[in-house]
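Hi,

Here is the structure I promised to pass on.

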Amino acid sequence: MRSPVLSPAPPATLSSRRKSLVLAICCISMIVVVMDVSVVNVALPSIGHDFHATESGLQWTVDAYTLVLAGFLVLAGSTADRIGRRRVFQAGLTVFGAGSLLCGLAPGIGWLIAARVLQAVGGTMLNPVAMAIVANTFTGAAERARAIGVFGSMSGLALALGPILGGGLVDAFGWRAVFWINVPVVAAAIVAAARYVPESRAQRARRFDPVGQLLMLVLLGSVVFAIIESGSLGWGSPVIVGLLVVAAVAVVGIVWYEPRRVDPLLELRLFRSLPFSSAIVLAVFALCGFGAFLFVTTQYLQDLRGMSPVTAGLCLLPVGVPVLLISPRTGRIVGRYGPLPPLLVAGTALALGGAASWWLRTSTPLPAVLAVYLLFGVFLGAVNPPISNAAIAGMPRSMAGLAGSLASTGRQVGTTLGVAVSGVIVGPALAAGGSGFTGAAHGVWWLVVVLGVGIVALALLGTRTVHPAAR
């Protein structure tokens with residue numbers, strides 16, 4: 001039995017001013033959701049001190065958020081395609097605001113992690129849905145590429161500016177302020193969305209896939225839990241081995257079950273397109289590298305170099321400034337020349353940044369440290385717009401929510417893995433009071449170098465053809 005047909009609402013008659021307002025509202029949602037990944041990193045030392053939290057507890061403060069985002073983004077995107085993107089977008093803003101408020105009120109690390117889960121549930125209904133709204137608002141190929149470039153650049157901007165804003169808030173008002181500041185922002189966005197964002201739906205609704213959703217959650221949860229807890233339990237522990245076996249079974253289940261559904265949660269056939277599948281892997285590589293960098297760097301600056309949160313945040317200005325300067329131009333470059341040039345720049349900058357970080361010590365002069373961070377800023381400014389555009393280019397507008405969800409899922413999976421792996425590598429050194437941290441961090445920086453090289457290789461391999469749907 002086929003799903004009911006829903007009437008589409010093409011927004012082609014919207015004025016340029018109205019389109020710009022829609023884009024601005026969607027960008028706000030991207031900023032608050034993504035910024036809560038990076039803004040929390042700079043607050044981790046203060047949270048750990050107040051709650052006497054373990055290193056794994058701090059990892060879960062970040063990864064509980066990104067894991068839920070990764071696990072439910074696809075469901076949120078397809079649900080928005082079914083029942084209305086503006087409706088789901090407004091619901092997401094409401095839940096995200098409530099979760100942010102509860103994070104600021106949390107009395108302990110367990111309560112904070114639980115509130116982060118609620119916050120992330122709201123976040124799943126924002127970014128992929130916002131990307132679908134943008135794709136359906138800007139209908140021309142060139143204007144859509146530029147709009148998606150601007151929207152995609154907000155992810156990098158939020159990641160880069162999060163520590164700077166977070167450092168100022170933590171120093172001035174305490175770590176709880178990094179969550180409370182979200183509440184008035186999302187309240188204003190809810191009102192603006194009701195007034196300016198047009199409603200849109202897919203022409204044909206996709207049915208809910210509970211088995212696929214469960215398999216995806218089991219896969220992601222098992223892998224991340226195994227990585228984070230391997231530091232304390234050991235890779236040979238029956239619990240860790242069991243979790244990895246469960247993850248492998250979930251992969252087999254997804255590959256076997258999903259192609260047999262009329263409306264699967266994961267459209268595996270989309271991955272037959274080399275550009276699309278490359279875009280998803282690129283998203284994982286890129287955010288894994290940046291997530292690892294951010295997790296290690298904020299603790300290096302505060303715990304080892306003894307900087308205050310605001311000083312540590314200001315030291316990341318060399319990351320934020322290039323994003324502001326490069327990202328808007330990157331969107332235009334993608335629209336004119338395609339994704340290959342900025343991806344080559346991004347991958348090279350990430351690899352060089354990882355290699356240069358290998359030499360950082362507590363005694364390294366601060367100007368040298370800032371010069372290294374500049375490479376990560378170039379990387380972040382160049383990488384997001386081409387990934388966003390490559391993932392959604394050539395896809396039917398009816399599947400814009402799903403395509404955007406998969407791209408965002410790749411980013412969140414990458415961030416989750418980057419934090420989990422880097423925490424396992426440097427966690428013992430931090431638990432020992434920072435002794436041996438520099439040596440332990442070498443493993444993280446080698447990982448970053450490999451990811452940068454991987455981005456270059458995937459860009460060369462996956463951006464020379466177009467999506468079959470675009471032919």
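Two salt bridges turn up in this predicted model. By salt bridge I mean a side-chain nitrogen of Lys or Arg within 4 Å of a carboxyl oxygen of Asp or Glu. The general idea is that side chains of opposite charge can pair when their charged atoms come close.

One of the bridges joins Asp36 and Arg116, with 3.5 Å from N to O. Asp36 belongs to helix H1 (residues 16-51) and Arg116 to helix H4 (residues 109-124), so this bridge ties together parts that are 80 residues apart in sequence. (Helices here are DSSP runs of H or I with at least four residues, strands are runs of E with at least two, and both are numbered from the N terminus.) Are these two residues buried or exposed? Asp36 is buried because its relative accessible area is 1%, and Arg116 is buried too, at 0%. The cut-offs are under 20% relative accessible area for buried, over 50% for exposed and partly exposed in between, using a 1.4 Å probe and protein chains only.

Arg261 and Asp209 make a salt bridge as well, and their closest N and O atoms are 3.4 Å apart. This pair links distant parts of the chain, 52 residues apart: Arg261 is in the loop between helix H10 (238-257) and helix H11 (274-304), while Asp209 is in the loop between helix H8 (182-196) and helix H9 (210-233). Arg261 is partly exposed at 22% relative accessibility, whereas Asp209 is buried at 2%.

Back to Arg116: what does its charged end sit over? That would be the ring of Tyr65, 4.2 Å from the ring centre. For this to count, NZ of Lys or CZ of Arg has to be within 6 Å of the ring centre and within 35 degrees of the ring normal. Arg361 does something like this over the face of Trp358, at 5.9 Å from the ring centre.

Now for rings with rings. The whole structure has ten aromatic pairs. Rings of Phe, Tyr and Trp (its six-membered ring) pair if their centres lie within 6.5 Å; planes under 30 degrees apart are stacked, over 60 edge-to-face, and the rest tilted. Trp175 and Phe179 are edge-to-face because their planes stand at 90°, with the ring centres 6.2 Å apart. Trp358 and Trp359 are also an edge-to-face pair, 4.8 Å centre to centre and 75° between the planes. Trp175 is buried at 3% relative accessibility and Phe179 is buried at 0%, but Trp358 is partly exposed at 23% and Trp359 is exposed at 59%. Ring pairs also link Phe290, Phe293, Tyr373, Phe376 and Trp445 into a cluster.

Finally, how confident is the predictor? pLDDT is its confidence in each residue, from 0 to 100. The protein's mean is 81, and 89% of its residues reach 70 or more. Confidence is highest in helix H14 (residues 340-357), at a mean of 93, and lowest in helix H16 (residues 400-431), at 76.

Two notes on bookkeeping. Residues are numbered from 1 along each chain as its sequence is written, and side-chain values use heavy atoms, leaving out hydrogens and water. As the model is predicted, local features need pLDDT of at least 70 and side-chain atom pairs count only at pLDDT 80 or more, while totals for chains, interfaces and linings use all residues.

Cheers

Methods. pLDDT is the predictor's confidence in each residue, from 0 to 100.
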